[in-house]
Amino acid sequence: MEAEFAKIGTRRVLLEFLTYRTPGPLFLTKGNLFGHPTDTPVELPSWLTEEDVDYYASKYEKTGFTRGFNYYRALDLNWELTAPWTGAQIKVPAKFIVGDLDLTYNTFGTKDYLKKGGMNKFVPLLQEVVVMEGVAHFIHEERPDEINAQIHDFFQKF
């Protein structure tokens with residue numbers, strides 16, 4: 001994957017991820033990572049500037065993406081290391097907020113997990129699940145006032 005990313009460049013990879021708003025699983029295919037030519041114009045959202053992208057790219061140019069990939073490469077080991085916490089519950093009041101365009105929300109099974117109470121098994125004091133329409137992964141950047149209001153309203157209950 002590092003070689004595929006190198007072909008299109010660090011800046012373009014970050015630009016694609018930071019602006020990803022496709023409601024569905026992400027499939028990165030060899031030779032056509034994001035499903036369109038790499039010279040396809042990308043419109044920046046209001047919360048992201050060219051300077052932001054340049055900054056992030058300058059940092060990733062130094063470190064690369066291998067460390068992030070290694071997290072996924074080591075999933076089996078991670079499961080072994082966290083085995084003692086299998087079935088552990090988060091036992092504090094919680095609220096879960098996600099955007100309907102978020103890649104993780106659109107991963108196979110996630111919607112059913114949330115809608116059918118699967119999360120309640122591990123977060124028994126989950127009080128609310130909020131799915132914000134038209135919002136992707138960076139909800140705090142896209143809709144900061146709404147997110148702050150959601151958090152504030154939640155804290156007001158205590």
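**Pockets and salt bridges in the predicted model**

On a 1 Å grid over the protein atoms alone, a pocket is an open set of points where a 1.4 Å probe fits, with protein on both sides within 12 Å along at least five of seven lines, and lining residues have an atom within 4 Å of a point. The volume is the space filled by probe spheres set on the points, which are joined across faces, edges and corners. The structure is a predicted model, in which local features need pLDDT of at least 70 and side-chain atom pairs count only at pLDDT 80 or more, while totals for chains, interfaces and linings use all residues. Residues are numbered from 1 along each chain as its sequence is written, and side-chain values use heavy atoms, with hydrogens and water left out.

The largest pocket is lined by 25 residues, of which Leu14, Phe17, Tyr60, Tyr72 and Phe138 are the closest to its centre. H4 supplies the largest share of this lining, 4 residues. Helices here are DSSP runs (H or I, at least four residues) and strands are DSSP runs (E, at least two), numbered from the N terminus. The lining comprises 16 nonpolar, 5 polar and 4 charged residues; Ala, Val, Leu, Ile, Met, Phe, Trp, Tyr, Cys and Pro count as nonpolar, Asp, Glu, Lys and Arg as charged, and the others, Gly among them, as polar. Because domain 1 (1-83) and domain 2 (87-156) both give residues to the lining, the largest pocket lies between them. The domain bounds come from an automatic or database domain assignment.

The second largest pocket has a volume of about 290 Å³. Its lining draws at least three residues from each of domain 1 and domain 2, and includes Trp79, Trp85 and Phe122. Helix H5 (residues 75-81) contributes the most, with 3 residues. No charged residue is found in the lining of the second largest pocket, which has 6 nonpolar and 4 polar residues.

The structure holds 8 salt bridges, each defined as a side-chain nitrogen of Lys or Arg within 4 Å of a carboxyl oxygen of Asp or Glu. Within helix H2 (residues 10-18), Glu16 and Arg12 lie 4 residues apart, about one turn of the helix, and their side chains form a salt bridge (2.9 Å, N to O). Both Glu16 and Arg12 are buried (under 20% relative accessible area, with exposed over 50% and partly exposed in between; 1.4 Å probe, protein chains only). Arg21 pairs with Glu142, with the closest N and O atoms 2.8 Å apart.
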